[in-house]
Amino acid sequence: MPSVKIDKSEQVSIKPGVHTAIIDDATEAVSNAGNEMLKLRVKVGSLNFNSWVVFTTKNSRNVAEFATSIGKKVVEGKTLTIETEDCIGKTCKVELGEGKPYLEIKRWLPPGTDSTDLSPDEIPF
């Protein structure tokens, strides 16, 4: 039977809020609804998150936020293309919030954002 001794010093203490993240991996995929998307593996401190960005007109604001967070220029009215190579290894800012039952990425934030930049109305939880 697999076993491991849990060392108290290895406990994760990441809390909801704004954090620096690194995108470890990105792959092209298709959502269940048939939309193009990027599946992402994101590391925040010692935690790994699986996330995705779905490319639809309805979701264009979220795609633009993600693109800005990885340093891509977003121009209103122009087509935005994001390749997996644009993502892998990028350092960006994310807002973590309470999910069910774990933390999850709530928003992708522009470079230089910290928790003092967000008004209480902008925090989604």
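Guide: Read from the N terminus, the elements of the protein chain follow the order β-β-β-α-β-β, which amounts to 1 helix and 5 strands; helices (H or I, at least four residues) and strands (E, at least two) are DSSP runs, numbered from the N terminus. The model is a predicted one, in which local features need pLDDT of at least 70 and side-chain atom pairs count only at pLDDT 80 or more, while totals for chains, interfaces and linings use all residues. Residues are numbered from 1 along each chain as its sequence is written, and side-chain values use heavy atoms, with hydrogens and water left out.

The largest pocket has a volume of about 370 Å³. Of the 21 residues that line this pocket, Ser 51, Trp 52, Glu 104, Ile 105 and Lys 106 are the closest to its centre. A pocket here is an open set of points on a 1 Å grid over the protein atoms alone, where a 1.4 Å probe fits, with protein on both sides within 12 Å along at least five of seven lines, and lining residues have an atom within 4 Å of a point. Grid points are joined across faces, edges and corners, and the volume is the space filled by probe spheres set on the points.

At least two residues of the lining come from each of strand E3 (47-54), helix H1 (60-69) and strand E5 (103-109). By class, the lining holds 11 nonpolar, 5 polar and 5 charged residues, where Ala, Val, Leu, Ile, Met, Phe, Trp, Tyr, Cys and Pro count as nonpolar, Asp, Glu, Lys and Arg as charged, and the others, Gly among them, as polar.

Val 42 lies in strand E2 (residues 36-44) and is buried, with a relative accessible area of 0%, buried being under 20% with a 1.4 Å probe and protein chains only. Between Val 42 and Asp 24, which are 18 residues apart in sequence, the C-alpha to C-alpha distance is 5.6 Å.

Asn 48 belongs to strand E3, and its contacts, leaving aside neighbours within four places in sequence, are Asp 24, Val 42 and Lys 43. Asn 48 and Ile 22 are 26 residues apart in sequence, with 9.6 Å from C-alpha to C-alpha.

How values were computed:
Contact = heavy atoms within 4.5 Å. Buried < 20%, exposed > 50% of the residue type's maximum accessible area, 1.4 Å probe, protein only.
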